Amino acid sequence: MPKNSKVTQREHSNEHVTESVADLLALEEPVDYKQSALNVAGESGGKQKAAEEELDAEDRPAWNSKLQYILAQIGFSVGLGNIWRFPYLCQKNGGGAYLVPYLVLLIIIGIPLFFLELAVGQRIRRGSIGVWHYVCPRLGGIGFSSCIVCLFVGLYYNVIIGWSIFYFFKSFQYPLPWSECPVIRNGTVAVVEAECEKSSATTYFWYREALDISNSISESGGLNWKMTLCLLVAWSIVGMAVVKGIQSSGKVMYFSSLFPYVVLACFLVRGLLLRGAIDGILHMFTPKLDKMLDPQVWREAATQVFFALGLGFGGVIAFSSYNKQDNNCHFDAALVSFINFFTSVLATLVVFAVLGFKANIMNEKCVVENAEKILGYLNSNVLSRDLIPPHVNFSHLTTKDYAEMYNVIMTVKEDKFSALGLDPCLLEDELDKSVQGTGLAFIAFTEAMTHFPASPFWSVMFFLMLINLGLGSMIGTMAGITTPIIDTFKVPKEMFTVGCCVFAFFVGLLFVQRSGNYFVTMFDDYSATLPLTVIVILENIAVAWIYGTKKFMQELTEMLGFRPYRFYFYMWKFVSPLCMAVLTTASIIQLGVTPPGYSAWIKEEAAERYLYFPDWAMALLITLIIVATLPMPVVFILRHFHLLSDGSNTLSVSYKKGRMMKDISNLEENDETRFILSKVPSEAPSPMPTHRSYLGPGSTSPLETSGNPNGRYGSGYLLATTPESEL
């Protein structure tokens, strides 16, 4: 699709090369499909390059079945974020009210851009580097930025899989090791660990036994050897799954993509049978309508859509590049998007059912503890027994009775009430306690499971589900790195894949220090969000405004066999770019207004405290964002000033059963289209394999007006009229 490539016109020449192009444009296929090659400039490597391109196309792996491909896309898009980030955002942003902005943005941004990535990957049959180089060489840096973002995400994402592996093996115990606080014996005296007593057993196990976390990001504390081993196991599993490309990862997807749904279904049934589960679900679906007007909610919803569908990572493009040309990627986009949203809602139901159960238990515990305080005050005459309603029975105290007693005491002892230290013990307060990210899975959910009958079984199932969800996403993330590099630089697949895993393991040691969890927060919350937003908006611009929405819609019509809905035309052209521009601006403003920080666990206080990143960590964070986005402007500048070749130094044409593959030559200027079409440059054809133009909504294909000769190459072949730019 390079716009600046030119072909020398030879109108009065009877050379064989011109006759071959004429035969091609007249749809007269040469006899020898595999050996025919056209070298306009006379380079000796023309035939060799054409043969190599055709051999590469023939040897490209393909999915064994449509089911395997769909499961791969589902495994990549449905990940750990569906289990803990989406429920947390629902809890934080108004329950059911959050579903409205999420659904709106999923429809106007998520599905159209997901469809776009599926389509370009399937059409061009290359990874992200090759795709965006092909669409617009000056924006070829998009593919390199996608690879870097995938690397950043893969580094910390596999650490989370390592955490899940640690908890998985610890789950084969009864009682679960995080169900009770450890007891320290000093001679004949047994004392509960102070840090655990101040917090909770599950919180203590997470921060002290699992992470052995330091007090701040500046305190390294050395490597955590347990997590180092788990990280090694995680990378070994990922390496074995992706070492053969889709031949190995496709088979893994049958289990890693389906097993989590079995576990979620089991947890949903079990959760609905728990006491208090309905309270949690009703709390989730009770919308707080004021949240729908909060711009921050819309920004977080848009970010979640990007991460949920895997937009901008390159994994979607990589997987679709192994499809057949006639695959219905429009159906795939709608199906995978629906399954992703369904999974998020299903996981949220499970989480809130379990959290409703946990909230009831914690509320009852609060009632018992505060009732004991009241009894102590009654026995010491601090409170009069006249304040206690006559029907209240302390041996069978209900939450309703406690609430009534609490209100009476608060009314009578208004001046001295705060000194009593009584808590209201409201169920709503327990349900409103939002637990973010890893804390939801490794603290809140694990605590709830300790109250399940046969708790080790449910714990094993839960963390095995997390491992499989993470593995599916890691396979897609690795494909976003390996596929474009292997396609572009022709490096050995197995050797490069193993090298990537080994390199990532050693760099990942940063995240298994005692301060490693704080680096995970830095990478997860900040390093990928802004670069991903820029990548996605440039992808949209490259296709909709540089290549051309009309032309791209026609390519889809040729590929799919039907014309996509007009809806996509307007989304790609106007709505999605505008929404993403607003999102990018909001993200930059957010970073400027709210300094980046993290929640640090302070051992002495046994509590979390929000700290801002120190200067050196801010410098690292800014460096990560620059490194991820730098390839885009660098490649643009180099190719704009012709300091970097776009790779199109020959015009080679190879034939394969009626399909044409072209590499436009870097020849003399202003003559390409007259040589091929005898037309003006504005009527240059698309370098994609089809030529019927799509003139926008409501238009008809010009191919229907057959019979008019096209220049001097005969009738029956009318080429697209395609403007160089639709800006």
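1. For the count that follows, rings of Phe, Tyr and Trp (its six-membered ring) are taken as a pair if their centres lie within 6.5 Å. With that criterion, a search of the whole structure, which is a predicted model, gives 56 aromatic pairs. One of them joins Tyr-207 and Trp-601, whose rings are stacked, with 4.4 Å from centre to centre and 10 degrees between the planes. This pair links distant parts of the chain, since Tyr-207 belongs to helix H9 (residues 201-210) and Trp-601 to strand S3 (residues 597-602), 394 residues apart. Both Tyr-207 and Trp-601 are buried.

2. A further ring pair is formed by Phe-267 and Phe-462, and it counts as edge-to-face because the planes stand at 70 degrees, with the ring centres 6.0 Å apart. Here too distant parts of the chain are linked: Phe-267 is in helix H12 (residues 259-272) and Phe-462 in helix H21 (residues 455-489), 195 residues apart. Phe-267 is buried, as is Phe-462.

3. Turning to charged side chains, the count comes to 10 salt bridges. Among them is the one between Arg-60 and Asp-487, in which the closest N and O atoms are 3.0 Å apart. Arg-60 sits in the loop between helix H2 (46-59) and H3, whereas Asp-487 sits in helix H21, so that the pair links distant parts of the chain, 427 residues apart. Are the two partners buried or exposed? Arg-60 counts as buried because its relative accessibility is 10%, and Asp-487 is buried as well, with a relative accessible area of 13%.

4. Which residues are linked in a network of salt bridges? The members are Glu-195, Arg-208, Asp-212 and Arg-514. Within this group, Glu-195 and Arg-208 form a salt bridge whose closest N and O atoms are 3.0 Å apart. Because Glu-195 lies in helix H8 (residues 194-198) and Arg-208 in helix H9, the pair ties together parts that are 13 residues apart in sequence. Both Glu-195 and Arg-208 are buried.

5. Arg-514 counts as partly exposed at 25% relative accessibility, and Asp-212 counts as partly exposed at 28%.

6. An unreviewed UniProt entry carries the annotation "binding site" for Gly-75, Val-78, Asn-82, Asn-340, Leu-469 and Ser-473. Although these positions are spread over 399 residues of sequence, they cluster in space, with a largest C-alpha distance of 12.6 Å. Gly-75 is in helix H3 (residues 66-77) and counts as buried because its relative accessibility is 6%. Leaving aside neighbours within four places in sequence, the contacts of Gly-75 include Leu-469 and Ser-473.

7. Val-78, from that annotation, lies in the loop between H3 and helix H4 (80-92). With a relative accessible area of 3%, Val-78 is buried. Apart from neighbours within four places in sequence, Val-78 is in contact with Tyr-261, Ala-308, Asn-340, Thr-343, Leu-469 and Ser-473.

8. Where is Leu-383 placed? Leu-383 is in the loop between helix H16 (329-379) and helix H17 (399-412), and its relative accessibility of 4% is why it counts as buried. The C-alpha atoms of Leu-383 and Lys-413 are separated by 8.9 Å, with the two residues 30 apart along the chain. If residues up to four places away in sequence are not counted, Leu-383 touches Ile-374, Tyr-377, Leu-378, Ile-409, Lys-413 and Leu-420.

9. Helix H26 (residues 615-629) contains Ile-626, which is partly exposed, with a relative accessible area of 44%. Together with Ile-622, Leu-630 and Val-634, Ile-626 makes a nonpolar surface patch of about 320 Å². Leu-620 is also found in helix H26 and counts as partly exposed at 28% relative accessibility. Leu-620 touches Phe-519 and Met-522, residues up to four places away in sequence not being counted.

Technical notes
Residues numbered from 1 in each chain as written. Predicted model: local features only at pLDDT ≥ 70, side-chain atom pairs only at ≥ 80, totals over all residues. Heavy atoms only, no water. Patch = residues over 30% accessible without salt bridge, like charges linked within 9 Å, V, L, I, M, F, W, Y side chains within 5 Å. Areas by Shrake-Rupley, 256 points an atom, 1.4 Å probe, with all protein chains shown as cover. Salt bridge = Lys/Arg side-chain N within 4 Å of Asp/Glu carboxyl O. Helix = DSSP H or I, 4+ residues; strand = E, 2+ residues; numbered from the N terminus. Buried < 20%, exposed > 50% of the residue type's maximum accessible area, 1.4 Å probe, protein only. UniProt positions renumbered as here; feature names shortened; annotations may be inferred. Contact = heavy atoms within 4.5 Å. Phe/Tyr/Trp six-rings, centres within 6.5 Å; stacked < 30°, edge-to-face > 60°.
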